[in-house]
Structure formats: structure tokens, C-alpha cells
Amino acid sequence: MNRRQGRRQQAGFTLIELLTALGIFLIVCGAAFTLLASSQQRARTESQLLTSFQEARLALDQIVRDVNDAGYPPPSYSDGVPSHSASTPFAWYPNYTIPTPCAVGINCDPPSDFDIIIETNPNRQDPSSKVQWIRYKLDPTTSTLMRGAADKTSGGEPTVETADKLAPLVQNVVNNSSPAQIAQYQAIYPGMFPSGNPVPIFSYTCDKTSGSVTQIVSCPLAGADNIPANIRDVTVTLIVASPLPDATTGQPRLVQLVGRGRRINPNQ
Amino acid sequence: MWARNTIRKRRREAGIALLISIFVLLLISVVAIALIVSSGTESALAGNYRSSAGVYYAALSGLEEARGRLLARNPNAFKITNPTGFLPAPGTPLNIGDAYYVINPVPGETVAPWDVGTSTTYPDLEFGVEFASSGYSQPPNSSPSANSVWNRSPLNSLNVPGPLYKWVRINAVSEKSLNLDVDHDNLANSTTPLYYDGTLSRFSNSSLAGPQVLEITSLATLPNGSQKLVQYLVVPFPVALPPFLGALTLSGSPGADPVFHAPANNNGYAVKGDGWDCNGNPAGPPVSAINIYGDYPGSSSGSAVNGVVGGIRPPSTSPPRTNYTGQGGAPDVEYLNAFQTPSQLNALAQTIIQSADAVVPAGSAATQTSFMNSLNMSPSNMLTVVSNGDLDLSHWGNTGYGLLLVTGNFTMDPDNGWRGVILVIGQGKINNTDNNGSREIDGAVFVAKTNDTSGVALPDPNLEEASVIFDDIMEGTGIRYSSCWIQKAQPIDSYRVLSFHEIPQP
């Protein structure tokens with residue numbers, strides 16, 4: 001009798017019990033997989049952000065190095081061959097070939113907020129090397145910072161020579177986004193776009209000389225000394241967005257990097 | 001049978017909780033590891049950037065140390081630190097193929113850049129890159145070396161780690177090492193050092209064009225292996241002296257004409273504006289014998305010119321007046337409408353005082369002349385000597401080399417000579433007490449009164465009368481204009497950077 005009763009108690013699950021268990025299992029599994037999917041997405045955006053960050057960092061390094069070297073070898077090296085020495089640390093447009101310098105921050109483009117041409121020979125020890133125009137320019141349609149280097153030529157126009165040499169360096173550079181987009185970024189990253197304006201990638205200080213005293217001031221304040229050859233510091237600000245928005249919030253992810261290059265070579 | 005099956009079934013299902021928990025744990029672990037990896041990459045990136053910036057500034061600090069210590073007035077100048085004679089004496093050019101190293105080892109390590117075969121002692125492989133085509137595939141083993149300021153007293157006793165540059169090389173450059181044809185002869189000269197002409201801003205193969213160009217190269221290495229090599233070309237840059245438009249320049253202004261009294265009984269006394277080189281041979285364009293320096297509007301300078309000419313004994317057809325030759329007819333006393341204000345000249349005097357190699361103590365002629373003797377001036381040891389007050393060199397009996405600045409009265413003596421520049425700015429007075437001697441001054445003498453007798457600066461813009469009064473019976477041969485000696489005497493204000501670049505590392 002006892003044995004029978006014991007057997008009955010062990011008789012198994014009812015259908016309802018099974019369905020309940022299955023239901024719970026499905027819910028738990030579903031939750032786990034949703035979590036997995038979302039964290040995979042998250043990992044993907046994080047790694048994209050990291051890639052953007054790394055791209056921006058390498059680019060910043062390169063820009064700062066080129067600016068440090070700008071104007072090498074200086075005009076006093078001139079042996080009559082234009083490609084053997086830099087005539088100015090930073091080339092300009094318009095009237096480079098005439099040459100009539102423009103005023104930085106007023107009518108130069110480049111050097112301007114999103115465009116710069118550095119004149120330097122990065123590899124002087126190579127006898128066949130030439131002075132190059134190294135250009136960094138933000139392409140407004142693709143939001144890509146481009147870099148291109150062309151050999152300096154006699155009578156050549158730096159902007160024209162470098163135009164077909166530009167290759168993508170950093171993607172998704174959002175410094176010069178539309179006002180609507182900037183407003184969106186500002187909501188998430190307050191302070192990254194002061195007053196809701198585009199952030200210049202390149203900002204400049206110039207040597208201002210009065211008598212025997214040389215001061216370093218923001219270029220538009222340098223008066224008659226505000227010419228590309230007098231640029232001393234170039235502050236580089238890169239704001240880069242990851243290609244995809246944040247998986248969970250759907251909002252854009254940005255990183256900002258700031259660096260400074262200083263011209264050491266003399267300008268004459 | 002049925003019961004047994006149930007039991008077996010139950011047993012099989014018993015581990016599901018374990019499986020689920022292992023699965024969930026795995027999931028969490030993957031997420032956690034991804035986060036750790038990503039933050040690890042990010043800090044590695046930041047670390048790389050930090051060491052790249054750090055090693056750049058370490059290398060730059062090496063360059064700046066060498067550039068600063070080339071200046072004689074630096075408290076750690078190579079000239080006054082061990083080893084003595086680390087660099088050739090001033091005026092002696094460095095040879096192509098020689099290298100001079102400042103080494104900066106951290107405790108326990110050896111830095112021997114000249115030993116290119118040993119990879120652990122920071123070999124200088126860049127030297128070969130620059131000079132192999134000139135026949136020097138490596139620096140001389142071993143090359144002269146000096147310790148960095150971080151390995152010298154007092155910094156070495158502080159427990160402060162200095163910048164991690166390893167060595168700084170100082171050497172001469174040639175057309176070939178720079179890949180440059182400075183004289184347009186289509187030949188890259190490999191053995192002639194380059195010089196720099198500051199007025200024309202260009203390089204030259206000729207030592208007459210200006211001072212020698214020096215190359216400074218610095219290597220910095222961090223413990224993590226980050227490395228940077230940066231390079232300067234520098235050249236000594238002189239203090240801007242007033243223009244020497246005459247062998248003797250005298251200041252004045254309307255109503256305060258310069259006073260000049262030549263030794264009337266000495267037919268051999270001459271002030272000559274004809275150019276001479278450093279060996280006494282005629283060279284270069286002539287200037288005036290005596291130039292009057294000041295603001296004389298219109299033709300008001302006539303009385304000043306006549307006053308100076310009147311100080312030389314007539315008649316004009318015989319010595320000494322015919323001894324005053326230059327770009328114009330003898331006696332060549334001219335006003336060329338060039339001047340600076342008292343405050344400008346006083347500022348210049350201050351600059352020279354700051355870059356002086358020696359300051360003469362106040363005192364008697366005996367004190368001051370014995371100090372001058374202790375300086376051992378010579379053509380290869382040209383100094384900037386300042387007397388901040390009166391200077392009396394009576395009975396010195398020697399020749400000085402370089403630049404002499406006197407802010408008070410200058411009592412000279414015909415048995416003293418000078419090669420270079422004499423500036424008497426302040427009281428603007430020269431006279432003599434002793435009359436015997438036969439030495440001369442080669443270069444230029446500039447006398448300007450910028451202060452009143454109590455030493456207070458005169459109001460701008462007018463200089464007042466310079467006064468040069470010699471005894472009638474004074475001997476000596478006078479003053480000869482020499483642009484060569486003037487150039488050699490110019491005090492060095494700083495070593496100017498002609499170029500900078502970072503040498504890409506493999």
C-alpha cells in the first residue's frame with residue numbers, strides 16, 4: 001500500500017506544470033538573449049567609438065608633428081631652387097604665387113578654420129626629397145578630414161597642386177556640422193560646441209613684433225603682423241562621432257581631442 | 001519499469017539549473033572582458049600619446065641646453081665648465097667630421113654615442129646618415145664629451161630626475177651634409193664648413209661672411225623604448241650696434257656741438273675712414289673719418305662740422321689735417337643725418353652690459369689696467385668688456401680685443417691699442433693724461449653723450465655734445481676703420497635657431 005502511494009506521488013508533472021516551466025524558461029531565455037543582443041550592439045558601438053578615437057589620435061599626432069616641422073628648411077636655406085627650401089611655414093590662398101600674404105582669420109582660406117597647408121620637407125636627409133605642401137582639409141560633404149601632400153613647384157598654386165592628392169584621414173569629423181545637428185549634440189554634450197557654433201579644427205596665434213619685443217597673440221589681433229608666415233601655434237581641435245549612434249539610447253557618441261603644434265623654424 | 005523510467009528522467013533533468021547559471025555567467029564574463037579590453041586599449045593609446053609628447057619635450061630640452069650653454073654669459077657655459085677646451089676657442093671653426101657630445105646618462109648606464117657598434121650605449125647612427133657621403137660614416141671614436149647640467153653640480157645632488165635625453169651632438173655642417181648648394185657652383189662641397197651672413201640671411205662657404213653655422217642634434221629615449229631625434233641649426237646672433245659711419249663718431253645736436261681737439265703737435269696722428277681688413281690691408285668701401293651723429297635739421301650741421309675741423313691744426317694742405325681721410329676729401333668730417341635718441345642708446349648700453357664677458361671694477365688706473373691684463377684678450381679671445389663708470393687705462397701698455405663699453409669718462413693712453421669697437425655711451429668723454437706711446441685703434445670709436453653730468457638720462461630726442469680732447473703733445477697713430485674687426489667684436493646676444501626639424505625614426 002505504502003509503496004503504491006509513494007509511486008503515485010512520483011507519477012510526474014501535469015501538463016500545466018510543464019507549460020508553466022516551459023513558459024518561465026522561455027521568458028528567462030528571451031530576456032538573456034535580448035540582453036546579449038543589446039550588449040553585443042553596445043560592444044559594437046564602443047569599438048566603433050574606439051576606432052574613431054584612435055583614428056583621431058593618430059591624425060592629431062601627425063598634424064602636430066607636421067606643424068612642429070613647418071617651414072623646414074627655412075627661406076634662408078634658399079639656393080634658388082624653390083623645392084629645396086620652404087618660403088613660408090604655411091602656404092596660403094589667395095595670391096600665394098604673386099605673392100601677397102592674406103590676413104589669417106580674415107581673408108585667408110587656407111589657413112582657415114578647416115583648411116591648412118604646411119610647407120615643409122619631412123625627410124631632408126633623403127637627397128631626392130623635396131619640400132612638400134601638406135594639406136589638411138575638412139571635406140564638408142562627407143565630414144571627412146582629408147590629408148594630401150604634393151611636391152612644391154615653382155609657380156605652383158598650393159591649393160590646386162594638393163587638391164587631387166587629398167585622401168581620407170579621419171571620418172565623421174563633426175566640427176562643422178549644421179546648426180540643427182549641433183543643437184542635437186549640445187543637448188547630450190553641453191559645452192562641446194560653445195554658443196552652438198561650429199568648432200574650428202585649426203586656430204592660430206601669430207608673432208606680433210613691436211620694437212624688439214615679440215608677443216604671441218591671436219592672429220586677428222596682430223595687425224600688420226597678421227600674415228601666414230607669422231603663425232606660431234596651431235591649436236587642433238577634433239570632434240569625432242562614432243559611425244553608429246548609441247545602441248540603447250539611439251543618441252550620437254562624440255569624442256573631442258585637443259592638441260597644439262608650435263612652429264619652431266624661423267619664417268625668414 | 002514505468003517507475004524506474006521516471007526516476008531516470010528526473011535524474012537527467014537535475015543539472016539544468018547549473019547549465020543555465022554557467023551560461024549566464026559566461027554571458028556576463030564576455031561583457032566584462034570586452035569592457036576591460038576596451039578600457040585597456042584606451043589607456044594604451046593615452047599612454048602612447050603621453051610618451052610621444054614626453055620624449056619630444058625631453059629631446060627639445062637637450063637642444064635648448066646645448067644652445068644655451070654655447071653662450072658665454074650662461075652660468076653653465078661650455079667655456080667655463082669641465083672639460084676645459086671642450087669646444088675650440090672662440091673664432092676657431094669646428095671641422096667637418098668632428099662631433100662634440102653632451103651626454104646625459106641616468107645613474108648606472110653608459111652613454112657613448114661615438115661607439116656605433118654597441119647598441120646599448122645609444123649609438124649616433126644619424127651622424128653617418130649625414131656625413132657618410134663626406135667620408136665620415138661614423139663620429140670619431142671617441143669624441144669629446146661634456147656632462148649635461150643634470151650630471152653636474154648642483155643639479156646632480158638634487159634628487160630630481162632630469163629630462164631623459166641621452167646625448168646632444170654639436171657639429172659643423174657642409175653643403176653636402178645639408179644637401180645644399182650655397183654658392184651655386186653645382187658642386188656640394190663636403191669639407192668646407194658653412195657660415196651664415198646675418199645681413200643677407202643666407203649661408204656661405206666663406207668664413208668672412210659671418211659666424212659659423214652649428215648643428216645641434218638631440219636624442220631622447222624613454223625606458224619604454226619611445227625615441228625621438230630632433231635637430232637645430234643655430235648661429236650666433238650679435239647685439240645690434242649703432243651704425244659705424246665713421247672711424248670716429250661724435251654725438252651732438254644744435255646748440256650742443258661735439259668737441260674735438262686733436263694732438264696738434266703730432267703729425268703722425270690720423271683718423272682714417274678708409275676700410276682695412278683684419279691684417280691691415282685695404283678692404284671694403286670707405287666711411288667718413290669723423291662722423292657727426294645727431295639730429296641737425298636742414299643745413300644746421302655746418303657749425304658742428306666746422307667746430308670739429310677747427311679742432312685739428314691748420315693748414316688744410318699738410319698733416320695732420322690731410323691725415324683725416326675717408327670717403328670724402330680730407331679732413332673728412334661729415335654729417336650724415338643718422339642718429340638715435342638717448343633712451344635708445346642707453347637701452348643698447350644696458351643690453352651690452354647684460355651680455356658682457358667682464359666688468360671692469362671701479363678704482364685707480366693701476367687697479368683697472370691690472371684687471372684688463374688678467375683678461376688675456378687676443379684675436380682668438382675677443383671679449384665684451386664693460387666699465388660701468390669711469391675707465392682710466394693710463395700706462396696699460398697693451399692691446400685689447402673685442403668690444404669696450406665705457407659709460408663714464410674714458411681716459412686713454414697712446415700706448416694702449418684696441419682691435420674692435422670702443423663705445424663711450426653715457427658721459428661721452430675721452431681724454432688722456434699720459435702722452436707717450438705708439439699704438440693704434442683698429443675698428444671704430446663711437447662717443448655719445450646720453451646722460452647729464454649727474455648721470456641722469458637726457459630727455460629724448462636730442463643727444464648732446466660728445467667730447468674728445470687730447471693733449472697737444474700726445475703721441476700714437478690714431479684710429480683706423482676696420483669692418484673686419486668691428487664684425488669680430490660684436491657681442492653675441494643669443495644663438496638664433498635657423499631651422500628645426502624632427503628626424504623620422506624607423
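## Reading the model

Tutor: Begin with a pair of strands: strand β2 (residues 115–120) of chain A and strand β3 (residues 132–139) of chain A run antiparallel and are joined by 6 bridges. Keep in mind that this is a predicted model.

Student: Which residue stands opposite A:Asp115 in β3(A)?

Tutor: A:Lys137 of β3(A) is the residue opposite A:Asp115.

Student: What is the order of the strands in the open sheet of chain A?

Tutor: To read a sheet, follow the pairing from one strand to the next. Here the order is β1-β2-β3-β4-β5, 5 strands with antiparallel pairing. An edge strand pairs on one side only, and in this sheet the edges are β1 (90–91) and β5 (167–170) of chain A.

Student: Which strands of chain A does α2(A) touch when it packs on the sheet?

Tutor: Helix α2(A) touches β2, β3, β4 (144–151) and β5 of chain A. The direction of α2(A) makes about 105 degrees with that of β5(A).

Student: Which residue of that chain has a positive phi although it is not a glycine?

Tutor: A:Asn95 is one, with a phi of about 70 degrees. The loop between β1 and β2 of chain A holds A:Asn95.

Student: Where in chain B is there a cis peptide bond?

Tutor: One joins B:Asp460 and B:Pro461, with omega about 5 degrees. B:Pro461 belongs to the loop between β20 (440–449) and β21 of chain B.

Student: Is the pairing in the open sheet of 5 strands in chain B parallel or antiparallel?

Tutor: The pairing there is parallel, and the order is β9-β21-β19-β17-β15. The edge strands are β9 (259–261) and β15 (391–392) of chain B, each pairing on one side only. Strand β9(B) is joined by 3 bridges to strand β21 (residues 467–469) of chain B, and these two run parallel. Within β21(B), B:Ile469 is opposite B:His261.

Student: How many helices and strands does each chain have?

Tutor: Chain A has 4 helices and 9 strands, while chain B has 8 helices and 23 strands. Reading chain A from the N terminus, the elements run α-α-β-β-β-β-α-β-α-β-β-β-β.

Student: How do I judge the overall extent of a chain?

Tutor: Set its radius of gyration beside the value for a compact globule with that number of residues. For 268 residues such a globule would have a value near 18 Å, but chain A has 29 Å. For 506 residues the globule would be near 23 Å, but chain B has 34 Å. For the C-alpha atoms of chain A the box is roughly 120 × 45 × 30 Å, and the C-alpha trace of chain B spans about 155 × 50 × 45 Å.

Student: How many residues of each chain are in contact across the interface?

Tutor: The contact involves 33 residues of chain A and 28 residues of chain B. On the side of chain A, helix α2 (residues 15–68) gives the largest share, 12 residues. By class, that side of chain A has 12 nonpolar, 13 polar and 8 charged residues.

Student: Why is α2(A) called roughly parallel to α2(B)?

Tutor: Look at the angle between the two directions. Helix α2(A) packs against helix α2 (residues 16–69) of chain B at about 10 degrees, with the axes 11 Å apart. Angles under 35 degrees count as roughly parallel, so α2(A) is roughly parallel to α2(B). Residues making this contact include A:Leu36, A:Ala43 and A:Leu50 of α2(A), and B:Leu27, B:Val31 and B:Leu45 of α2(B). The contact between the two helices has 10 nonpolar, 6 polar and 4 charged residues.

Student: What confidence values come with the prediction?

Tutor: For chain B the mean pLDDT is 88, and 97% of its residues reach 70 or more. For the complex, the predictor gives an ipTM of 0.71 and a pTM of 0.74.

Technical notes
Residues are numbered from 1 along each chain as its sequence is written. Chains are lettered from A and ligands numbered from 1 in the order in which they are written. This is a predicted model: local features need pLDDT of at least 70, side-chain atom pairs count only at pLDDT 80 or more; totals for chains, interfaces and linings use all residues. Two residues are in contact if their C-beta atoms, placed from the backbone, lie within 7 Å. Ala, Val, Leu, Ile, Met, Phe, Trp, Tyr, Cys and Pro count as nonpolar, Asp, Glu, Lys and Arg as charged, and the others, Gly among them, as polar. Axes are lines fitted to C-alpha atoms, for helices over the stretch in contact, and angles run from 0 to 180 degrees between N-to-C directions. Angles under 35 degrees count as roughly parallel, over 145 as roughly antiparallel, 65 to 115 as roughly perpendicular and the rest as oblique. Two strands pair if DSSP finds at least two bridges between them. pLDDT is the predictor's confidence in each residue, from 0 to 100. The radius of gyration is taken over C-alpha atoms; the globule rule is 2.2 Å times the number of residues to the power 0.38.
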